[in-house]
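I opened this entry to record what I looked up in the model.

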Amino acid sequence: MQSRVSSYEDVKESAQARAAQPRASRRLLLKVLLSLLALGVGFSVFGMYLTRLQVAAPVAAAFRPCVEKPAGLERWIQPPSDLMHSMSDEELFWRASWVPQVKKYPFKWVPKVAFMFLTRGPLPLSPLWERFFSGNEGRYSIYVHTHPSYKINFTSDSVFFKRQIPSKWHQISATSRSTSLQNLIKQHSRIILWCKDNHDVSEWGQMSMCDAERRLLANALLDLSNERFVLLSESCIPLSNFNITYQYLIRSRYSFVGVIDDPGPYGRGRYNPNMAPEVNIDQWRKASQWFEVNRKLALSIVKDTTYYPKFERFCKPHCYVDEHYFPTMLFIESANLLANRSITWVDWSRGGAHPATFGRVDITEAFLKKIFGGQNCSYNNQPSSLCHLFARKFAPSTLEPLLQLAPTLLGFGS
């Protein structure tokens, strides 16, 4: 009996154990499912949070408050940090012609002189100019226009570092990076002419020379502090220290452009009657291309659309447009602002179409004193013996003797 009872109990316990196993399995399965569900909900919430952040960013960028903090004045008065740009000449001249109408400056303004170097390639006399500019930061700006294929290379400690402006070819090349070849040809058909005869390279006596000079002026006008603009070549040297040069230009009532009425074959003899009525023969003037102008006249040159087409069309080779365009235009527009002389000394005593070029053996103390001596001119309507601030044409070989004589004779570089 006891045996049957024990057997029955065993069977009962065994049955209970078997019945409990499915319930335990179901509870375990339920726990696993609940854990997975909680994990899924957690990931869903996290994903929605990330999505919300990603959507909010562009929405915040697209929708801004109606009232924004206005841009500071620095945006308008600071000169471009990088002179290279992709503007066409038309765009550049339009931008450069902006003129503030309120004459009183709302910031501390220090007038600067823009030194504009027009060169085919390197600047061999740059060490002399480095000494000239040294210690006068904030009172000058430098701009260099070179042959389109040449890129000036100066170290970051040089005053010429990154001072090259875009040439016409650089502007076309910049456009080509973002324009198809077909559109490029349509927009810049002159590119074909350039490849044929270097039309966009600045050539002596041709309109491309004036184009380069206008381009220099326009880039310099982008700096509102530039008040005087002087054109120089790679063969030019300074004849005085920076302070004398600066004061001479800033205090001048006149711009230094020649307006000579030459009745002979090299003056009025180059006039083309087709230029009338914009330019009549009695208004025809000539002068050296190496000018110096104030900001008002620089703006006149850059924004001119009246006289430029006439000179471009009718002042062809043997007319030498670079000797006539600016003198004639400025004489017609602002004759009362012109000194009718150049401040760049040259030697025409050797004859020929070009002035004398000086080499190493020419650079002596007596030679430089000869340049300084015997000068008589008018400065602000008063007699003056200081008439020239620069001189040309000096070959690269003159650099060493010029550096040696600069401290004693030129007044800088010690």
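The notes below go from the overall fold to single residues.

**Basis.** I worked from a predicted model, in which local features need pLDDT of at least 70, side-chain atom pairs count only at pLDDT 80 or more, and totals for chains, interfaces and linings use all residues. Residues are numbered from 1 along each chain as its sequence is written, and side-chain values use heavy atoms, without hydrogens and water.

**Chain.** I found 14 helices and nine strands (DSSP runs, H or I of at least four residues and E of at least two, numbered from the N terminus). Among contacts (heavy atoms within 4.5 Å) between residues at least 6 apart in sequence, 80% join residues at least 24 apart.

**Surface.** I then looked up W76, which lies in helix α2 (residues 74-77) and is partly exposed at 46% relative accessible area.

I traced the largest nonpolar core to 49 residues, with F115, F117, W129, F133, F160 and F394 having the most contacts inside it (buried Ala, Val, Leu, Ile, Met, Phe, Trp, Tyr and Cys joined through side-chain atoms within 4.5 Å). Helix α14 (residues 399-410) gives this core its largest share, seven residues. Another core, apart from this one, has 48 residues, including L92 and V293. Beyond neighbours within four places in sequence, I listed W129, F133 and F390 among the contacts of F115.

Conventions. Buried means under 20% relative accessible area, exposed over 50%, partly exposed in between (1.4 Å probe, protein chains only).
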